[in-house]
Amino acid sequence: MNDSTRTQLLTDPNRTQMGAPPSADPNKTMMGVAPTLNATQIIKPIQCPVCKTFNPAGVMFCIDCGLIFDRALDGDAFGAPAIQVPMLVESSGREHPVRPGLNTIGREGDVLLADVRASRRHAQIESSDGTLILEDLGSTNGTKLNGQPLAPGEKVNLAGGETLSFGGIELVLSMPGAGGAQATQNLAGNRTAAISAPPKIEVSPAELVGEGQRYPLRVGVNTFGRKSADNDVAIVDPYVSGKHGLIEVTDEGFFVTDTGSTNGTMLNDAKLVPNMRTALQPEDVIRLGSMEFRVERTGKAAE
């Protein structure tokens, strides 16, 4: 007999039912776990095939030489032949490739010249089927071919070996596969090349001696002063001017000249007149403040 007062457990069809966990189906595609943000990601830099500079990943051009990577030739890879395209070579040895098509030259060109003398779009070289044509694009400081100026818009053919000047910045055109000075060469490995004769060791004919130092002097004019970049003999002392004076080594003897220094130059007990060339005797003492120097012939030169 049913008890009407007893609580009945009724099944609600609208209630969410907790079922058994699904079984793993080996044939079903399963979603994996997303990668963690703390994982170390390795991003490889891009090495320029021309100047070998490593560039950040994702850049469109080399941050050093300006090579546009999407214009790179098929051969621009490691192990490529040493000679591929014509090159504009700076005096420092740095090379700028001349690629097929139009190559603009300037501060914002395909051939990047980071010099204020060059215009943003200074000139261009068109390379087509082995023919190179140079044209000045109306630059401020002009373009010269082997020292001869080009008129704005004038076009000339290039054969290789020419010296091109862009506002005074000189580059030499080196052709691929050419012999002699026109060839763009690659170093032949790391082998030490034999030389035909040992290098000669230059012996200085005289020395400036004093304060525990011996400064070699060459034949001719030797500048001395505080700034090492501007002088043959650098004397680092607050009393010495950046460009203080000259010492000349000649067949007739030694000469000293004060070039208008701030604190002057003393020869023995007399102050030198600025810009007056004065002969030195073997016993003379050059005084710069409290420092004393003598000019002595080296033993080799005295023989």
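Let's start with Thr223, which is partly exposed, at a relative accessible area of 22%. On that scale buried means under 20% relative accessible area, exposed means over 50%, and partly exposed is in between, using a 1.4 Å probe and protein chains only. Before I go on: this is a predicted model, where local features need pLDDT of at least 70, side-chain atom pairs count only at pLDDT 80 or more, and totals for chains, interfaces and linings use all residues. Residues are numbered from 1 along each chain as its sequence is written, and side-chain values use heavy atoms, with hydrogens and water left out.

Back to Thr223. You'll find Thr223 in strand S16. Helices (H or I, at least four residues) and strands (E, at least two) are DSSP runs here, numbered from the N terminus. What does Thr223 touch once we set aside neighbours within four places in sequence? The partners are Asp230, Asn231, Asp232, Val233, Gly245 and Leu246, and by contact I mean heavy atoms within 4.5 Å. As for Glu248, 25 residues away along the chain, its C-alpha is 8.6 Å from that of Thr223.

Now the sheet around there. Strand S16 (residues 220-225) runs antiparallel to strand S18 (residues 245-250), with 5 bridges joining them. Two strands pair if DSSP finds at least two bridges between them. Within that pair, Val221 sits opposite Glu248 in S18. Zoom out and you get an open sheet of 5 strands with mixed pairing, in the order S17-S16-S18-S19-S22. At its edges are strand S17 (233-234) and strand S22 (278-280), each pairing on one side only. As a reminder, strands of a sheet pair through backbone hydrogen bonds, either parallel or antiparallel.

Next, the hairpins. Strand S14 (residues 206-210) and strand S15 (residues 213-217) are antiparallel, paired over 5 bridges. Gly210 has Gln213 in S15 as its bridge partner. The hairpin of S14 and S15 has 2 residues between the strands, and Glu211 in the turn has a positive phi of about 55°. Is Glu211 exposed or partly exposed? Glu211 counts as partly exposed, at 47% relative accessibility.

Asp129 is another one to look at. Its phi is near 50°, a positive value in a residue other than glycine. Asp129 belongs to the loop between strand S7 (123-128) and strand S8 (131-136), and at 82% relative accessibility Asp129 counts as exposed. I point these out because most residues other than glycine have a negative phi.

A second hairpin: S12 and S13, with 2 residues between them, and here the turn has Gly167 with a positive phi of about 65°. Strand S12 (residues 163-166) runs antiparallel to S13, joined by 4 bridges, and Leu164 is bridged to Leu171 in S13. S13 (residues 169-174) also pairs antiparallel with strand S3 (residues 87-89), over 3 bridges. There, Leu88 has Leu173 as its bridge partner.

On to the holes. On a 1 Å grid over the protein atoms alone, a cavity is a set of points where a 1.4 Å probe fits but cannot get out, while a pocket is an open set with protein on both sides within 12 Å along at least five of seven lines; lining residues have an atom within 4 Å of a point. Grid points are joined across faces, edges and corners, and a volume is the space filled by probe spheres set on the points. The second largest pocket holds about 160 Å³. Its lining has 11 residues, and the closest to its centre are Glu90, Leu112, Leu113, Ala114 and Ile169. How many cavities of 30 Å³ or more does the search of the whole structure find? It finds 2. The second largest cavity is about 30 Å³, lined by Phe254, Leu280, Gln281, Pro282, Asp284, Ile286 and Val295.

pLDDT is the predictor's confidence in each residue, from 0 to 100. The chain averages 78, and 68% of the residues score at least 70. Confidence is lowest in helix H1 (residues 299-302), at a mean of 52, and highest in strand S20 (residues 266-267), at 96. Residues 72-83 fall below 50, and pLDDT also stays under 50 over residues 179-190. Where pLDDT is low, the predicted coordinates should not be read in detail.
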